[in-house]
Amino acid sequence: MTGDTWDLVVSSIGPLLSGAIRGTIPLTLISFAIGLVLALVVALARLSRNRLVSGAARVYISLIRGTPLLVQLFIIFYALPSLGLVIDPFPSAVVAFSLNVGGYAAETIRAAILSVPRGQWEAAATIGLDHRLTLQRVVLPQALRVAVPPLSNTFISLVKDTSLASTIMVTELLRKAQEIAAPTYEFMTLYSLAAVIYWLICLVLSTGQSRLERRLDRFVAH
């Protein structure tokens with residue numbers, strides 16, 4: 001590495017971290033929070049005895065899981081304006097990522113709910129809890145422990161997926177790397193530096209995931 005390249009690396013760390021803090025991380029947190037709420041609603045819809053509701057949820061999940069995230073992002077940002085609906089880059093990315101998380105996490109949550117023994121529902125009914133309270137106080141807390149590992153993996157994957165937002169001009173980590181690399185032609189250096197920052201973020205999240213799982217283990221009988 002030449003002196004000029006090293007100087008570029010040092011001077012680029014600040015802007016790249018800024019892109020991560022102001023773009024990548026907020027985009028991930030907002031999209032995951034909205035997607036998680038959507039996933040819970042869709043998971044409960046999939047478990048509904050109403051065929052219309054269950055069928056609609058099934059179609060939604062199939063569409064999200066069966067189409068590329070980049071295509072979903074382009075439809076929202078580039079195609080919807082042809083129908084008169086124009087959404088700015090950052091909100092477009094939030095909508096696309098939230099819908100994507102909702103489709104994938106819904107099946108995770110549904111499987112976690114189904115993993116709770118039927119006897120738990122019956123025991124709750126015997127003490128007078130209705131369906132809503134049983135779900136809220138008995139089933140979902142137990143399902144949470146089962147859902148945490150795959151949902152954490154979804155969250156970590158979302159961090160990396162936010163790089164796709166650079167294609168619709170969202171100023172996040174990868175977009176910053178592109179902007180710095182364009183006039184210098186130091187693409188290998190800048191993209192490698194961006195990759196290291198993505199890796200460090202995911203490493204921190206993976207460590208947090210492991211600690212959360214160990215903490216939840218204390219409240220689960222084996």
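Between N-to-C directions, angles run from 0 to 180 degrees; those under 35 degrees count as roughly parallel, over 145 as roughly antiparallel, 65 to 115 as roughly perpendicular and the rest as oblique. Keep that scale at hand for this tour of a predicted model, in which local features need pLDDT of at least 70, side-chain atom pairs count only at pLDDT 80 or more, and totals for chains, interfaces and linings use all residues. Residues are numbered from 1 along each chain as its sequence is written, and side-chain values use heavy atoms, with hydrogens and water left out.

**Stop 1: the annotated domain**

Select residues 21–209, which an unreviewed UniProt entry annotates as "domain: ABC transmembrane type-1"; such annotations may be inferred rather than shown by experiment. This span is 82% helix and 0% strand, with its end C-alpha atoms 20 Å apart. Helices here are DSSP runs (H or I, at least four residues), as are strands (E, at least two), numbered from the N terminus.

The entry also marks "transmembrane region" at 25–47, 59–80 and 188–208. For residues 59–80, the helix share is 86% and the ends lie 21 Å apart.

**Stop 2: H2 against H4**

Now pick H2 (residues 51–66) and H4 (residues 89–115), whose axes (lines fitted to C-alpha atoms over the stretch in contact) are 9 Å apart at an angle of about 115 degrees. H2 and H4 are therefore roughly perpendicular. To see the contact (heavy atoms within 4.5 Å), show Tyr60, Ile61, Ile64 and Arg65 of H2, which meet H4 residues including Leu99, Tyr104 and Glu107. This contact has 6 nonpolar, 3 polar and 2 charged residues; Ala, Val, Leu, Ile, Met, Phe, Trp, Tyr, Cys and Pro count as nonpolar, Asp, Glu, Lys and Arg as charged, and the others, Gly among them, as polar.

**Stop 3: H5 against H6**

Move on to H5 (residues 118–126), which packs on H6 at about 140 degrees with the axes 10 Å apart. H5 and H6 are therefore oblique to each other. Gln120, Trp121 and Ala124 in H5 meet H6 residues, among them His131, Leu135 and Gln142. The contact of H5 with H6 comprises 5 nonpolar, 4 polar and no charged residues.

**Stop 4: an aromatic pair**

The whole structure holds 5 aromatic pairs (ring centres of Phe, Tyr or the six-membered ring of Trp within 6.5 Å; planes under 30 degrees apart are stacked, over 60 edge-to-face, the rest tilted). Select phenylalanine 32 and phenylalanine 155: their ring centres are 4.8 Å apart and their planes at 70 degrees, so the pair is edge-to-face. This pair links H1 (residues 3–46) with H6 (residues 131–161), its two members being 123 residues apart.
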